[in-house]
Amino acid sequence: CLAFSPDGRLVAVSHGVYETAGGRQIADLHAPATHRLPWLGQIYGLAFSSDGRRLACVTEYGFLLLLNTETWQLLDSVELNNTHLITISFSPDGKFLVTGEDEGNVRLWQAGPLREAGVIGRHSARIKSVAFSPDGSEVASAGDDQMIALWDVDRRSLVTRIGAHTSPVLSVAFSPDGKKIASGEHDKSVRMYTRRRSLWGYRMD
């Protein structure tokens with residue numbers, strides 16, 4: 001996993017945080033001094049808040065962590081027992097997080113303090129990627145069930161399934177204007193879908 005800070009100054013990967021200019025490591029995400037946990041497990045997902053002040057991490061053992069990016073100390077944490085958390089995304093306003101799980105749940109969290117806000121949707125297999133829309137009203141999720149789903153955050157309901165896929169979908173992202181969704185898939189394809197009114201159509205560029 002990999003995430004750039006909003007200002008582009010930092011890049012976080014599963015084992016640490018580095019300056020993009022020069023590559024100096026400034027935080028060890030597995031150091032107990034950072035997260036106060038004897039064993040964190042593998043970090044599977046990372047996301048910076050839009051103001052760059054927090055870094056969210058999810059791990060194979062079901063930990064969700066929030067770190068202060070000035071001190072790299074733990075702000076908050078929760079644990080979902082017997083759940084592998086795979087991917088995470090911050091809402092644009094920084095108030096919510098969404099996670100994707102090995103068990104297929106798309107789960108919403110309040111970000112301050114960390115508190116579960118409910119499951120907004122489910123896949124029939126492991127979720128590989130989640131992303132908030134730029135306005136924060138929707139979440140896109142994708143996974144091993146060969147599906148991209150779009151969820152309404154407030155209503156906790158499915159808006160639509162996007163595209164037809166013949167292999168697992170590994171990654172999904174919105175364009176800055178929210179009118180396009182790009183996906184990366186196990187069959188080595190990169191696809192883009194464009195919203196026209198309420199419909200999503202596939203296009204190749």
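**Notes on a predicted model: sheet, loops and pockets**

1. Let's start with one residue. Val106 counts as buried, at 0% relative accessibility (buried is under 20% relative accessible area, exposed over 50%, partly exposed in between, with a 1.4 Å probe and protein chains only). Before going on, keep in mind that this is a predicted model, where local features need pLDDT of at least 70, side-chain atom pairs count only at pLDDT 80 or more, and totals for chains, interfaces and linings use all residues. Residues are numbered from 1 along each chain as its sequence is written, and side-chain values use heavy atoms, with hydrogens and water left out.

2. What does Val106 touch, not counting residues up to four places away in sequence? The list includes Val98, Thr99, Val119, Ile120, Ser141 and Trp151 (contact means heavy atoms within 4.5 Å). Ser141 is 35 residues from Val106 along the chain, yet their C-alpha atoms are separated by 7.5 Å. Val106 itself sits in strand 11 (helices, H or I with at least four residues, and strands, E with at least two, are DSSP runs numbered from the N terminus).

3. Four strands make an open sheet, in the order 9-10-11-12, with antiparallel pairing (two strands pair if DSSP finds at least two bridges between them). At the edges are strand 9 (85-90) and strand 12 (114-122), each pairing on one side only. From one strand to the next, the twist averages 25° (axes are lines fitted to C-alpha atoms, for helices over the stretch in contact, and angles run from 0 to 180 degrees between N-to-C directions). As background, strands of a sheet pair through backbone hydrogen bonds, either parallel or antiparallel.

4. Have a look at strands 11 and 12. Strand 11 (residues 105-111) and strand 12 run antiparallel and are joined by seven bridges. Gln110 has Arg115 in strand 12 as its bridge partner. In the loop between these two strands you'll find Pro113. A cis peptide bond, with omega about -10°, joins Pro113 to Gly112.

5. Two residues have a positive phi without being glycines. Asn82 has a phi of about 60° and lies in the loop between strand 8 (74-79) and strand 9. Is Asn82 buried or exposed? Asn82 is exposed, with a relative accessible area of 75%. Arg156, with a phi of about 55°, is in the loop between strand 15 (148-152) and strand 16 (157-162). At 33% relative accessibility, Arg156 is partly exposed.

6. Grid points are joined across faces, edges and corners, and a volume is the space filled by probe spheres set on the points. Of its 32 lining residues, the closest to the centre are Ala47, Ile88, Ser89, Val130 and Ala131. The lining has 21 nonpolar, eleven polar and no charged residues (Ala, Val, Leu, Ile, Met, Phe, Trp, Tyr, Cys and Pro count as nonpolar, Asp, Glu, Lys and Arg as charged, and the others, Gly among them, as polar).

7. The second largest pocket holds about 160 Å³ of space. Its lining includes Phe96, Leu108, Asp135 and Arg156, and divides into five nonpolar, three polar and four charged residues.

Note on methods: 1 Å grid on protein atoms, 1.4 Å probe; cavity = no way out; pocket = protein on both sides within 12 Å on 5 of 7 lines; lining within 4 Å.
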